[in-house]
Amino acid sequence: MTHATPHDHTRRSHGWRRDLVELAARWSRRHGSGPAEPEPPTATTATPVTDAPVTVVPDRAGGEGDGGASRADTTLWRMRTTVRDEPGTLAALCTALARHRVDILALQTHPLGDGTVDEFLLRAPADLPPAELTRTVTDGGGRDTWIERADAHDLVDAPTRILSLATRTALDAAELPLALRALLGRCAIRSLPARSLAGRPLEGLPPLEGVLEETVMRLRDPSGGAIVIERPYLPFTPTEFARARALVELDSRLGPRVPRRRDVLTLPEGNEITVRRADTRDLDAARAMHQRCSAATLAQRYHGPVGDADRYLDHLLSPRFGRTLAAHTASGRLVALGHLLWDGDETEVALLVEDEWQRRGIGGELLRRLVAMAAETGCACVYAVTRSANTGMVAAMRALELPLDYQIEEGTLVITARLSPAVIPSSTG
């Protein structure tokens with residue numbers, strides 16, 4: 001079922017809500033705890049609360065009415081709840097929160113046909129259990145309540161955050177899936193090509209305006225395929241659907257684009273190579289490199305019939321499915337490709353180095369930069385799929401000096417590297 005935009009009368013009814021929440025927030029600060037800063041609390045297991053980490057935000061000077069609460073004794077929460085779209089419902093909810101000294105830092109409203117989804121950023125006493133916070137919201141008139149830990153990034157107001165995501169998307173086509181995930185929270189995003197590797201057209205292509213079905217969005221990809229976004233734990237609202245469509249439309253209007261940055265590196269043997277971002281405009285050069293690679297090299301990379309290798313390139317070079325780095329010699333010859341591939345909510349890394357240029361450090365350099373990109377986008381881990389006999393890939397993964405997990409089955413090796421926020425240097429844009 002496709003959800004239309006909210007009716008005009010529903011939109012007009014929310015002017016009083018903005019005024020009321022400001023009044024309620026001031027009342028909350030005066031009668032409850034004042035502004036306070038969180039520290040990472042002990043993990044809780046109340047359902048549907050998630051265990052996202054809490055980041056301590058910079059300390060600020062306190063004011064009157066903070067009830068003597070220490071800034072180390074509070075926790076930031078993101079909360080969503082549905083209330084009736086009637087005068088007084090939001091006031092009742094804010095009053096219930098204030099009784100437990102919960103401070104309302106921000107509010108967004110998502111109008112529905114039969115109510116409103118209110119999204120709060122809350123600062124609550126650290127000793128207030130999430131289950132008790134949920135009961136408080138229910139007593140205040142909320143239903144279908146969902147909460148998770150918040151951090152300092154959530155303190156940025158919604159318009160600023162959305163403009164930042166639009167800027168990222170405008171600069172780099174590969175940013176669209178990441179921007180959608182940042183916009184919509186924890187969700188799985190899949191890009192489906194217009195045609196399969198066998199040449200079959202995509203079935204069930206969504207209409208140009210997209211489709212919203214509770215916890216699933218289907219949007220038309222500018223490349224002709226589809227973008228499917230799933231968030232099983234929390235239904236999407238028409239407001240979120242409209243924002244996602246706007247980002248996709250921006251991407252479509254701007255066309256293919258990747259950052260122009262290039263890095264010139266000197267290999268241990270003295271040769272210089274240039275590393276830059278690549279896309280489908282490099283398709284001919286990539287096919288030519290395939291022709292120069294041995295069958296053994298192609299088989300280690302693609303794990304299938306060598307004759308099918310060229311069929312993967314259009315998908316791999318598309319910024320919709322990830323990011324690609326290309327290594328060129330001083331004469332401009334493409335000798336290596338490194339791919340960072342968005343795989344739902346996981347991330348894969350893959351390398352292909354022309355035979356003549358193997359064992360010279362090019363693959364390791366590309367891998368280090370790909371992992372840096374993954375870390376900068378907030379990925380918790382990356383994985384590589386290769387053959388167990390591919391000692392070069394194993395050595396490159398080990399050289400990252402990250403915690404590694406190994407799984408092997410019938411000669412196929414999967415190596416997973418767990419990332420930490422600041423362990424990898426910055427990478428090529």
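These legends accompany close-up views of a predicted model.

**View 1. A four-stranded open sheet.**
Four strands make up this open sheet, in the order β2-β3-β1-β4. Their pairing is antiparallel. β2 (103-111) and β4 (143-149) are the edge strands, and each pairs on one side only. From one strand to the next, the twist averages 20°. Strands β1 and β3 run antiparallel and are joined by ten bridges.

Helix α4 lies across β1, β3 and β4. It runs at about 145° to β4.

**View 2. R80 and E119, a salt bridge between two strands.**
R80 and E119 form a salt bridge. Their closest N and O atoms are 3.1 Å apart. R80 lies in strand β1 (residues 74-83), while E119 lies in strand β3 (residues 116-125), so the pair ties together parts that are 39 residues apart in sequence. E119 is also the bridge partner of R80 in β3. Are these two residues buried or exposed? Both R80 and E119 are buried.

**View 3. A network of salt bridges.**
Which residues are linked in this network? They are R78, R80, E119, E148, R186, R231 and E240. The pair R80 and E119, joined by a salt bridge, belongs to the network. E148 is found in strand β4. Its relative accessible area is 7%, so E148 is buried. The side chain of E148 makes a polar contact with the side chain of R78, at 2.3 Å. A search of the whole structure finds 27 salt bridges.

Side chains of opposite charge can pair when their charged atoms come close. Here the side chains of E132 and R135 meet in a salt bridge, 2.7 Å from N to O. Why are they separated by about one helical turn? E132 and R135 are three residues apart in helix α4 (residues 130-139), which means a separation of about one helical turn. E132 has a relative accessible area of 23%, so it is partly exposed. R135 also counts as partly exposed, at 47% relative accessibility. Helix α4 itself lies across β1, β3 and β4.

The side chains of E365 and R369 meet in a salt bridge, with 2.6 Å from N to O. Both residues lie in helix α11 (residues 362-376). They are four residues apart, about one turn of the helix. Are E365 and R369 buried or exposed? Both are buried.

**View 4. Helices α8 and α10 packed together.**
Two packed helices are described by the angle between their axes and the distance between the axes. Helix α8 (residues 283-292) and helix α10 (residues 309-317) pack at an angle of about 145°. Their axes are 10 Å apart. α8 passes α10 in a right-handed crossing. Which residues of the two helices meet? On the α8 side they are L283, A286, R287, H290 and Q291. Facing them in α10 are A309, D310, L313, D314 and L317.

Definitions and conventions
Residues numbered from 1 in each chain as written. Predicted model: local features only at pLDDT ≥ 70, side-chain atom pairs only at ≥ 80, totals over all residues. Heavy atoms only, no water. Salt bridge = Lys/Arg side-chain N within 4 Å of Asp/Glu carboxyl O. Buried < 20%, exposed > 50% of the residue type's maximum accessible area, 1.4 Å probe, protein only. Pairing = 2+ DSSP bridges. Axes fitted to C-alpha atoms, helices over the stretch in contact; angles between N-to-C directions. Contact = heavy atoms within 4.5 Å. Polar contact = N/O pair within 3.5 Å; in protein donor to acceptor, adjacent residues only side chain to side chain. Left-handed = near helix turned anticlockwise from the far one by under 90°.
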